[in-house]
Amino acid sequence: MSTVTTTTSVHAPSVGTGHTRVEGRDKVTGAARYAAEVPFAGLAHGWLVLSTIARGRIRALDTEPVLAMPGVLAVLDHRNAPHLNTDYAGLLGKPDPTCAVFQHDRVPHLGWPVALVVAETSEQAREAAEALVVHYEQQPHDVELTSDHPGSHPLDGHMPAVTEKGDLDARLASSTFVVDAEYTTPEEHHNPMEPHAATARWDGGRLEVTDSNQGVTWVAGELQNLFSLDPASVRVRSEHVGGGFGSKGVRAHQVAAVMAATVLRRPVRVALTRRQMFTLAGHRSPTIQRVRLGADPDGRLRALEHRSVSRTSTFHEFVEPSTGAARVMYDADAHHTANHVVPLDVPTPTWMRAPGEAPGSFALEAAFDELAEKCGIDPIELRLRNEPETGPVSGLPFAGRNLAACFREGARRFGWADRDSRPGVRREGRWLLGTGTAAASFPAGSAPSTATATAHPDGTFTIRISAADIGTGARTALALVAADALQVAPERIRMRIGDSDFGPAMIAGGSMGTRSWSWAVKAAAGELRERLALGADIPAQGLTVRSDTTEAVQALRPAERHSFGAQFAEVAVDVTTGEVRVRRMLGIFAAGPIVNPLTARNQLLGGMVWGISMALHEEADRDRASGGVVGADLAGYHVATHADVPRIEADWIEDTDPDDPVGIKGLGEIGVVGAAAAVANAVWHATGVRHRSLPIRPDRVLTAAAGAPDA
């Protein structure tokens, strides 16, 4: 037995100071292994076979020739695959049937999993999968989203589908200035650098899955339900994740790997190709949004309507809640919002960085810019005049809303006061120059989590939590939180994450991860420090304290909790070539106390770069004839590269909520919110032409320059 002092001198706070990633050396030296790199003895490899039709049924599969090919161990399909239970509600509701592979002969979209070929090597599995002949009964399909589609209907998601107050038509009719416009955003894809991969094996009656995901307890729970297993008999590990952005949940490849491991009783790995990810990893639905704003002579809103139509699959409903931004940002006497979906023969959309807020903020903030032009009021001033005192829909008080401070600081640093408000007047050689701005918000939620803190006789501490570091630097941030709670140097903290055996914790999603995990880590580490201060002995195996924040989270005072931000962009447009170049961007954010400025700034900059991509590049075209994405790879799907990213800055202002016991807010997603709108508004300022459809491609710029109506 021994005792450990938590500190020998005055503790210098770690939270708020820049720290490089604690796993950084492992990542740059290759010691950090990702899901497809972890070795297993006797490993077999599975390769998914995807449908080549967009709708119909499987009539037959010619598996015998494939089973005779070198190294092939099995072919699983709807005739011989294990039965799955899909009659349950998991963390995010009913499971998407795409992950319940090989349960029937129906094909609801191009790229639907129809079989899994398992072989001794990945090369053998791929060759055999490509040789498998599948016979189909093909049926007509529909993949085109339109605003007047007869299948359109309202759909609740994590928010109600429809909110209404006041007489909209009357308020619009009595408004001095009215904006009524339609905005569209295209289908977008996550494309994390690390493709999805999972290895499943049985060890002494226990299923173990090594995976790349955004929540190990989430995936473990879904596998338990799907395969009707005892919770204690499933373990999921995901130590290093090369990006997720909402796509790395429960997918077909994990379930197929478990099926094959169950049948063959040996480890089986299933990894997705980049092309397969365009079908099986989810995507952001395209949206068609109508915004109507009515204002009185001084620019104060009297009417606000924001309606959005997005796409879902025919077998599982998912809504892109684009009108959520309007429910927080601005109030009006008449305030109507609605999220609708259209079921089509496409894969199910899913969460993608800033779901709802990213496309929704483009439409709302572009419309606000149009209203500012009509009113003859500066775009920042118009937003400040319409700052709500309480939640426009909820009526709840804001737990800190420092948006005005973000705009004022951003305007000062960006040089907004020197801006000539007239469009199309600034020129530099062949370039027309313009500046634009937009507001940003994203919810700052919390979810119950558990954590353990262990003191060791050698003076070190181990923190265990089922967190997921998907590239955000969460592992490092949690080490800093633990160090301050224990009042020790961060070097004395060992972080263990990404293991479902550590107990339930929030997933890395909704910008809730670090906030939720920090609360649990702080509680466990704080109690451990108190015990040590009282002279508790430390046994050889260590002294451990466990926390559970369920009651504390449930006791939080109801309030509108959000991160806020102000985005600024300057663009140069050549109307003779259609080229648009973003020259500089600035984002100022109010996102609570910043745990690690180094990784926080990386997250905000990454989001803003994504906003450039959204505004100018990203677009997945779906072929009406085949039902599939054209150019489903990183050559055909354009994203911003180094050449497209200008001088870009992200910073923050002080932002505290004295009633919040943890204080930390999320910032992984707010960086992309409003960024595309700021760029689009800057393009209008440069050219005098509104672009209401993203991305702002060169052909659209040329068409607009030729005298076409607003794009």
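Modeller: Val 573 has Val 580, in strand 24, as its bridge partner. Strands, like helices, are DSSP runs numbered from the N terminus, with at least two residues (E) for a strand and at least four (H or I) for a helix. Please note that the model is predicted, so that local features need a pLDDT of at least 70 and side-chain atom pairs one of 80 or more, while totals for chains, interfaces and linings use all residues. Residue numbers start from 1 along each chain as its sequence is written, and side-chain values rest on heavy atoms, with hydrogens and water left out.

Strand 23 and strand 24 (residues 579-590) run antiparallel to each other and are joined by eleven bridges; DSSP must find at least two bridges between strands before they count as paired. They belong to an open sheet of five strands, ordered 17-18-23-24-25, in which the pairing is mixed. At its edges stand strand 17 and strand 25 (647-652); each has a single partner strand, so one side of each lacks a neighbour in the sheet. On average, neighbouring strands here are turned by 25° against each other, direction ignored. Helix 11 packs on this sheet and touches strand 18 (431-443), strand 23, strand 24 and strand 25, its direction making about 30° with that of strand 23. Contact here requires heavy atoms within 4.5 Å; the axes behind such angles are lines fitted to C-alpha atoms, for helices over the stretch in contact, and the angles run from 0 to 180 degrees between N-to-C directions.

Phe 407, Phe 414, Trp 416 and Phe 568 make up one aromatic cluster. Rings of Phe, Tyr and Trp (its six-membered ring) pair if their centres lie within 6.5 Å, and planes under 30 degrees apart are stacked, over 60 edge-to-face and the rest tilted. By this rule there are ten aromatic pairs. One of them is stacked, because the ring centres of Tyr 330 and Phe 368 are 4.0 Å apart and the planes stand at 20°. This pair links distant parts of the chain, 38 residues apart: Tyr 330 is in the loop between helix 8 (326-329) and strand 16 (334-344), and Phe 368 is in helix 9 (residues 357-375). Tyr 330 is buried, with a relative accessible area of 0%, and Phe 368 is buried too, at 0% relative accessibility. Buried means under 20% relative accessible area, exposed over 50%, and partly exposed in between (1.4 Å probe, protein chains only).

Trp 416 is in the loop between helix 11 (403-414) and strand 17 (426-428), and Phe 568 is in strand 23 (residues 562-574), so the pair ties together parts that are 152 residues apart in sequence. With a relative accessibility of 7%, Trp 416 counts as buried; Phe 568 does as well, at 0%.

The charged end of Arg 584 sits over the ring of Phe 414, at 3.8 Å from its centre. Arg 401, for its part, lies over the face of Phe 398, 4.8 Å from the ring centre. For such a placement, NZ of Lys or CZ of Arg must be within 6 Å of the ring centre and within 35 degrees of the ring normal.

Cys 406 counts as buried, since its relative accessibility is 0%. Cys 99 is buried as well, at 4%. The search of the whole structure finds zero disulfides, a disulfide being a pair of cysteine sulfur atoms within 2.5 Å.

For comparison, consider a sheet of four strands, which is open, mixed in its pairing and ordered 21-20-19-22. Strand 21 (493-497) and strand 22 (543-548) are its edges, each with a single partner strand, so one side of each is without a neighbour in the sheet. Its neighbouring strands are turned by 15° against each other on average, direction ignored. Strand 19 (residues 450-455) and strand 20 (residues 461-465) pair in the antiparallel sense over four bridges, and the partner of Thr 454 in strand 20 is Thr 462. Helix 12 (residues 474-486) lies across strand 20 and strand 21, at about 135° to strand 21. Helix 13 (residues 513-533) packs on the sheet as well, touching strand 19, strand 20 and strand 22, with its direction at about 35° to that of strand 19.
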